[in-house]
Amino acid sequence: MDTLLIRFHRQYMQQISNLTYPPSKLLLEADVQHQLYKHFFDGPLKGPPAYQRKVLKQIISLIERAILDPEEDAVSDQLMEHMGYLSSLPQGDPSDQAYQTQIITYTLPEPLDASPPPPRILIEEAPNLLAAGSNVGFRTWEASLHLAQYLHSNPDLVHGKKIIELGAGTGLVSIICAGPLRADFVLGTDGLPHVVESLEKNIYRNRHLLVNANSERSNLVSKVLDWGDVDDLEDNLATDDGLPDYNLILGADITYSPDVVPVLAQLLKILIFDMFADTGLEALISATVRNGRTLSIFRKACEERGLSIENVDLRCSSVMEQKGFFHEQAFPIVLMRIRRL
Ligand SMILES: C[S@@+](CC[C@H](N)C(=O)[O-])C[C@H]1O[C@@H](n2cnc3c(N)ncnc32)[C@H](O)[C@@H]1O
């Protein structure tokens with residue numbers, strides 16, 4: 001496939017809303033239209049009908065605009081028939097879509113012409129979720145994609161490490177660390193049992209990517225870990241083989257509310273200073289800056305506990321430049337490195 005089509009396909013499989021459509025001249029080619037039908041619309045896991053309909057409508061319109069000689073060029077029968085099929089389906093109520101779960105396919109941001117193609121991670125989630133409260137863990141947020149992209153570009157941060165992810169939500173970051181980025185062990189945690197249940201399903205869905213996929217002992221385990229509940233911390237962090245000597249904490253979009261950041265800072269202090277002082281444990285936390293106040297509270301709470309926070313310099317590429325883990329930045333995203341002062 002042409003690399004422009006490959007990027008478009010990776011974006012489409014992630015069901016992003018602002019797709020980078022290939023030039024209409026390319027879409028006009030009969031062979032390209034056949035590939036579009038085969039890879040985008042034919043068979044399972046190709047996105048919900050409403051999404052397919054929106055994308056196919058735009059593709060058809062781009063092709064129609066490029067047609068100069070209707071005797072020579074046309075929209076293929078396969079694409080037209082599929083559009084007819086999609087249009088015949090019930091439209092559904094858009095307000096229901098917020099809570100509907102889909103299987104989203106995330107592609108590792110490897111070169112577009114990589115051979116073999118990069119691994120894909122399948123995550124069941126509610127991609128249109130906007131709500132706060134106990135549902136926030138059911139969507140993969142931009143800060144998670146940003147952190148995943150950063151770790152993918154800096155694989156030594158993860159390779160061979162023992163990692164705790166806090167507020168893992170759907171589990172994308174834990175899965176790429178335990179899988180393609182070859183962490184020694186990852187404990188993916190979240191405070192809410194129903195979020196951990198869906199995290200477990202996502203781990204199971206991607207088990208073939210894990211380091212020891214064929215062994216009984218997985219290198220990715222999920223557990224409930226509420227930041228405010230530190231009484232059983234040692235038990236919660238232990239595996240059947242005892243307490244791993246963790247050396248990295250990861251978190252994405254876990255500093256989103258002023259109510260949660262003081263307990264999070266206190267947990268980081270306990271982990272970094274008290275429990276794992278000998279392993280040089282430090283944290284990398286990505287945060288979407290929706291308002292500066294929450295992050296200021298978090299920074300202050302960390303500093304009061306003797307933790308230093310430094311911003312990691314990271315270049316944010318646009319969706320058009322990204323090759324996978326596509327994400328927009330309606331709000332800035334920062335990456336913080338937190339360790340002992
Ligand atoms: C905005 S979501 C981010 C999820 C995921 N890291 C991502 O970026 O896609 C915040 C996550 O933190 C979890 N969380 C919030 N408060 C928590 C607490 N006190 N203890 C543990 N987890 C908590 C939520 O359940 C949710 O999964």
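This is a predicted model: local features need pLDDT of at least 70, side-chain atom pairs count only at pLDDT 80 or more; totals for chains, interfaces and linings use all residues.
**Exercise 1. Ligand contacts**

Solution: 
1. Start at Gly 191. One of its backbone N or O atoms lies 3.0 Å from a nitrogen atom of the ligand.
2. Check the cover. On its own the ligand has 590 Å² of accessible area, and the protein covers 93% of this.
3. List the surroundings. The ligand has 19 residues around it, the closest being Trp 141, Gly 167, Asp 190, Gly 191 and Ala 252.
4. Sort the shell by type.

**Exercise 2. Gln 52**

Task: Is Gln 52 buried or exposed? Find the polar partner of its side chain.

Solution: 
1. Locate the residue. Gln 52 belongs to helix H4, residues 49–66.
2. Apply the cut-off. Buried means under 20% relative accessible area. Gln 52 has 8% relative accessibility, so it counts as buried.
3. Find the partner. The Gln 52 side chain makes a polar contact of 2.8 Å with the side chain of His 82.
4. Beyond four places in sequence, Gln 52 touches residues including Tyr 12, Phe 41 and Leu 86.

**Exercise 3. Helix H1**

Task: How many residues of H1 are buried, and what covers them?

Solution: 
1. Count. H1 spans residues 3–13, and nine of its eleven residues are buried.
2. Name some. Among them are Arg 7, His 9, Arg 10 and Tyr 12.
3. Identify the cover. It includes helices H2 (24–27), H3 (30–41) and H4, with strands E1 and E2.
4. Inspect the ends. Asp 2 caps the N-terminal end, with a side-chain oxygen 2.8 Å from the backbone nitrogen of Leu 4. Just after H1, Gln 15 has a positive phi of about 55°.

**Exercise 4. Nonpolar cores**

Task: Which residues touch the most other members of the largest nonpolar core?

Solution: 
1. Take the 37 residues of this core. Those touching the most other members are Ile 121, Leu 151, Ile 163, Leu 172, Cys 177, Leu 250 and Phe 325.
2. Trace the suppliers. Elements giving at least two residues each include strand E2 (120–125), helix H7 (172–178) and strand E6 (248–252).
3. Find the second core. This separate set has 34 residues, including Trp 227, Tyr 246, Ile 272 and Leu 295.

Terms used
Residues are numbered from 1 along each chain as its sequence is written. Side-chain values use heavy atoms; hydrogens and water are left out. A nonpolar core is a set of buried Ala, Val, Leu, Ile, Met, Phe, Trp, Tyr and Cys residues joined through side-chain atoms within 4.5 Å. Buried means under 20% relative accessible area, exposed over 50%, partly exposed in between (1.4 Å probe, protein chains only). Helices (H or I, at least four residues) and strands (E, at least two) are DSSP runs, numbered from the N terminus. A residue is near a molecule or strand if one of its heavy atoms lies within 4 Å of it. A polar contact is a pair of N or O atoms within 3.5 Å; within protein, one must be able to donate a hydrogen and the other to accept it, and residues adjacent in sequence count only if both atoms are side-chain atoms. Accessible areas come from the Shrake-Rupley method with a 1.4 Å probe; for residues, only the protein chains shown count as cover. Contact means heavy atoms within 4.5 Å.
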